[in-house]
Amino acid sequence: MTHQLSVLVQTPAHSAISGPLTYRSESILAPGTLVRVPLGNRETLGVVWAHELGLQSAVGSDKVRGIISVLDAIAPLGERWQQLVTFAADYYQRSAGEVALAALPPQLRDLSPLQLTRHLQRNAKRASTEAWTSVEASPSPELSAEQQQALAAFHTQPGPFLLFGATGSGKTEVYLQCVAQLLAGDPRAQAMVMVPEINLTPQLEARFVARFAPPYGPQAVVAMHSGMTPAQRLKAWLAAHSGVARIVLGTRMAVFASMPGLRLIVVDEEHDPSYKQQEGARYSARDLAVYRGRLDGAKVLLGSATPSLESWHHSRPVSEGGRYVRLEMPSRIGALAALPQVRRVDMNHQPKRAVFSPPLLDAIIQRAERGEQSMILLNRRGYAPVLNCGACDWKSQCPHCSAFRVFHKIDRTLRCHHCGFAERVPRACPDCGNLDLTTVGRGTERLEEHLVELLVDVRRPSQERLRVARIDADTTRLKGALESQLAQVHAGDVDVLVGTQMIAKGHDFRRITLVAAINPDGALFSSDFRAGERLFSLLMQAAGRAGRDASISGGAEMWIQTFHPKHPLFEALKRHDYPAFAAQQLVEREQAGLPPFSFQALVRAEARTQEVAQAFLAAASAAVSETAKQAQVTLYPPVPMSMQRVANVERAQMLVESRSRVALQRFLAAWHTVLHATRSLPQAKGLIRWSIDVDPLAI
Ligand code: ADP
Ligand code: ZN
Ligand code: ZN
């Protein structure tokens, strides 16, 4: 007898086929089973989905194609995993097939049942013969009183928890302890630990391996992130799916890992924007972690020194409607001493055009002469953001984008950071032939060059010259480059480190005693309502890099060069007072009806012309204006995106907002079909694509 099965396959986004497809099978297969099926004229990986759909299919059974093979060497994906995929697809307005297949390791897509079986056998054999280079066991330190209290609260309540702990307060140690207790008490339990960018924090992985490989074996800890090879990713995924791996340490993609024994989810630096996927299904791994915790009956622990305002708001007292339990660890671990002192330099009183104010430069020199390190932050890479002709006012506009091409001196190119378009720097102005082109503004490359000049006569205690180094996306393009550059900083080879936000996060730089933000003012008056929140957390994180070695006396400092020294953001920063900053921001957000007091989605449209992109949005909006009103959903008019044109594509967006998350969700689900149909209207001719971003991070 043949059966009909519903199978999820990877279908193109917003295509006519968005649900599961029907296939014939000789045997009934449990939902979650991986199969290989024909799709068009190719063969593809599919996941058997709930049965009923297939049986209701109107397609005559003679037209239904048969599945090709079953990957039965591994257990079907669990019911809760399927529920997670379904939820994520619905919530973020994508097809379940797209979400499910994207959640599986890419190499799995190409394996036949036989190849998979061989793969599993090889893994098993290797594991049994692997020369087990034992890691030195790292004993857990005696916990501080604050750590003990946080752990006690964690163990006696269901959560979810927000661990609000200063940088260096020992949050990671709390995570380690939570995981340790879980694994010790339940031989099948698994834990997921998510971090923003794993390659920036290799120390964290090392700490987990040192703590858990000795008692649980070398396979107990696996990593999951995009920097791994396809083979490594498959191996890690299989280990998690089979339960062999007890801890999955990964970036946002790990939230979809198949973990049948999942009992704990930790989200470190939960405020970090990299938890939000920025293409395809634009999910927030942090938010999905909370949802998944509920599905799986796993405890959820979010941690940060500067929580997202959403999570902070959720952790207000229960009496005020809070849903998360807030655990607080305000003090740094004993010897790490006090948090750095924040010093604001009023640039209104400094020499005009000075990049480094004289007092900051003095402070950097003093540190270097004592053999201490400084770190200088500037969030703009390249040499200069614009090249300009003084004679005719030509500027290095990108011909394909609404942006300037950045001057990179090292290879004398003008490069667009949006579409990648690069050209040799012209010898003369392309418009008027003037030979005297000038640079406007400065990026990290120029800052580094400038510092080298300023510090040329300064000597280390050993009388050697100073070394200035730079870390940003340009210097770390090659594999392994970041690691080796970080190693040089740790080894003390570098006296002054210049870089973008890349250097502000996570690193445990022992000898850095001065951190400076050269020009952070831009974010104070940005049109993006989250810019202030991001700046505050970046500066707090950066400040947290300083003064981690208590053997260095003298106290660490964070310097802010600003034209607005009295700005409340800097006042709160000076006191290391996140709660005050958050309270002030939340008042503003509530008054303006912004998240977390409302819920938003952005619909984006891309076309060859701005008119078409906006016309598509306007038509889709007009079709549902009544429905929206009734649903208490506000539709804002279509506008050009702030980066209006990228790679010759015009972009427009439209904001959708509601006070109720449920209302917004219902509205979006219904609107989806309308958007789809709008595509074939004459006004939308020339539309390239459209997409929905639910809970967008940047507007
Ligand atoms: P956070 O994650 O909050 O920034 P960490 O967990 O990295 O802080 O802790 C900062 C430093 O303090 C680390 O070097 C860690 O090993 C150390 N540490 C953490 N807890 C303790 C403790 N109870 N006793 C001694 N050292 C600790
Ligand atoms: Zn010119
Ligand atoms: Zn461009």
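Me: How many residues surround ligand 1, and which are the closest?
Reply: A residue counts as near a molecule if one of its heavy atoms lies within 4 Å of it. On that basis 18 residues surround ligand 1, and the closest are E142, Q147, G168, K171 and T172.

Me: Before we go on, what should I know about the model and its numbering?
Reply: It's a predicted model, where local features need pLDDT of at least 70, side-chain atom pairs count only at pLDDT 80 or more, and totals for chains, interfaces and linings use all residues. Residues are numbered from 1 along each chain as its sequence is written, chains are lettered from A and ligands numbered from 1 in the order in which they are written, and side-chain values use heavy atoms, with hydrogens and water left out.

Me: How far is the backbone N or O atom of G168 from an oxygen atom of ligand 1?
Reply: Polar contacts here are pairs of N or O atoms within 3.5 Å (within protein, one must be able to donate a hydrogen and the other to accept it, and residues adjacent in sequence count only if both atoms are side-chain atoms). For G168, a backbone N or O atom sits from a ligand 1 oxygen at 2.8 Å.

Me: Are helices α5 and α6 parallel or oblique to each other?
Reply: Helices are DSSP runs (H or I, at least four residues), strands likewise (E, at least two), numbered from the N terminus. Axes are lines fitted to C-alpha atoms, for helices over the stretch in contact, with angles from 0 to 180 degrees between N-to-C directions; α5 (residues 145-156) and α6 (residues 171-185) pack at about 40°, axes 10 Å apart. Angles under 35 degrees count as roughly parallel, over 145 as roughly antiparallel, 65 to 115 as roughly perpendicular and the rest as oblique. So α5 and α6 are oblique.

Me: Which residues of α6 does α5 meet?
Reply: Contact means heavy atoms within 4.5 Å. From α5 come Q147, L151, F154 and H155, and their partners in α6 are E173, V174, Q177, C178 and Q181.

Me: What is the orientation of α14 relative to α16?
Reply: Helix α14 (residues 531-545) and helix α16 (residues 578-592) have axes 11 Å apart and an angle of about 175°. That makes the pair roughly antiparallel.

Me: Which residues of α16 meet α14?
Reply: On the α14 side, G532, E533 and F536 take part. Across from them in α16 are Y578, F581, Q585 and R589.

Me: At what angle do the axes of α17 and α19 cross?
Reply: Helix α17 covers residues 610-622 and helix α19 covers residues 661-678. Their axes come within 9 Å, and the crossing angle is roughly 135°.

Me: Which loop holds P596?
Reply: The peptide bond from P595 to P596 is cis too, with omega near 5°. P596 belongs to the loop between α16 and β24 (599-607).

Me: What is the phi of R412?
Reply: R412 lies in the loop between β16 (406-408) and β17 (413-415). Most residues other than glycine have a negative phi. R412 isn't a glycine, yet its phi is positive, about 45°.
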